[in-house]
Amino acid sequence: MTSRRQFIVNLSVGSTTFAVAQTAFAQAPMVLETDANAKALGYFADASKTDKVKYPKYAKEQLCSNCALYQGKATDAAAACALFPAKQVAGKAWCSAWAKKA
């Protein structure tokens with residue numbers, strides 16, 4: 001059985017750990033178009049510059065911010081993506097793995 005004091009200590013330690021983790025991720029580097037994985041997926045930091053000949057499935061309304069793999073809010077300028085561990089993608093970016101959010 002956990003005492004009230006132990007619960008408060010655990011809660012404060014957990015909150016601090018969560019805050020540190022959020023701060024560390026907020027400073028994660030952005031994916032560069034020159035990264036090997038980005039090149040392989042046809043990542044463009046500015047979706048409007050997507051090569052429409054090479055990627056004919058691209059549509060102007062497809063942005064990272066409305067992709068199922070984007071791990072931020074649609075209004076976030078940048079956020080994590082399941083395809084680029086420990087990096088952030090621009091909300092206005094696009095790649096060939098774009099998938100409509102449910």
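A residue is termed buried when its relative accessible area is under 20%, exposed when it is over 50%, and partly exposed in between (1.4 Å probe, protein chains only). By this criterion Phe44, at 17% relative accessibility, counts as buried. The structure is a predicted model, in which local features need pLDDT of at least 70 and side-chain atom pairs count only at pLDDT 80 or more, whereas totals for chains, interfaces and linings use all residues. Residues are numbered from 1 along each chain as its sequence is written, and side-chain values use heavy atoms, with hydrogens and water left out.

The chain contains two helices and two strands, arranged along the sequence as α-α-β-β. These elements are DSSP runs numbered from the N terminus (helices: H or I, at least four residues; strands: E, at least two). Confidence is expressed as pLDDT, the predictor's confidence in each residue on a scale from 0 to 100. The chain has a mean pLDDT of 86, and 75% of its residues reach 70 or more. Where pLDDT is low, the predicted coordinates should not be read in detail.

Of the 102 residues in the chain, 28% are buried.

Ser65, in the loop between H2 and S1, counts as buried at 9% relative accessibility. Apart from neighbours within four places in sequence, Ser65 is in contact with Tyr70, Ala74, Gly91 and Lys101. Ala86 lies in the loop between S1 and S2 and is exposed, with a relative accessible area of 60%. When residues up to four places away in sequence are not counted, Ala86 touches Ala28 and Pro29. The C-alpha atoms of Ala86 and Ala28 are 6.3 Å apart, although the two residues are separated by 58 residues in sequence.

One salt bridge was counted, a salt bridge being a side-chain nitrogen of Lys or Arg within 4 Å of a carboxyl oxygen of Asp or Glu. Lys87 forms this type of pair with Asp35, and the closest N and O atoms are 2.9 Å apart. The pair links distant parts of the chain, 52 residues apart: Lys87 is in the loop between strand S1 (78–80) and strand S2 (88–90), and Asp35 is in the loop between helix H1 (4–26) and helix H2 (36–41). Lys87 is partly exposed, with a relative accessible area of 27%, whereas Asp35 counts as buried at 18% relative accessibility. Side chains of opposite charge can pair when their charged atoms come close.

The structure holds zero disulfides, defined as pairs of cysteine sulfur atoms within 2.5 Å. For Cys64, the closest cysteine sulfur is that of Cys95, at 5.9 Å, which is too far for a bond. For Cys67, the closest is that of Cys81, at 6.2 Å, also too far for a bond. Cys64 counts as buried at 9% relative accessibility, and Cys67 is buried with a relative accessible area of 6%.

Four aromatic pairs were found in a search of the whole structure. Rings of Phe, Tyr and Trp (its six-membered ring) pair if their centres lie within 6.5 Å; planes under 30 degrees apart count as stacked, over 60 as edge-to-face and the rest as tilted. Tyr43 and Phe84 form an edge-to-face pair, at 5.7 Å centre to centre with 65° between the planes. This pair links distant parts of the chain, 41 residues apart, with Tyr43 in the loop between H2 and S1 and Phe84 in the loop between S1 and S2. Tyr43 counts as buried at 3% relative accessibility, and Phe84 is buried with a relative accessible area of 5%. Phe44 and Tyr55 are also paired edge-to-face, because their ring centres are 6.2 Å apart and their planes are at 80°. Both residues lie in the loop between H2 and S1, so the pair ties together parts that are eleven residues apart in sequence. Tyr55 counts as buried at 14% relative accessibility. Ring pairs link Phe44, Tyr55, Tyr58 and Trp94 into a cluster.

Methods
Contact means heavy atoms within 4.5 Å.
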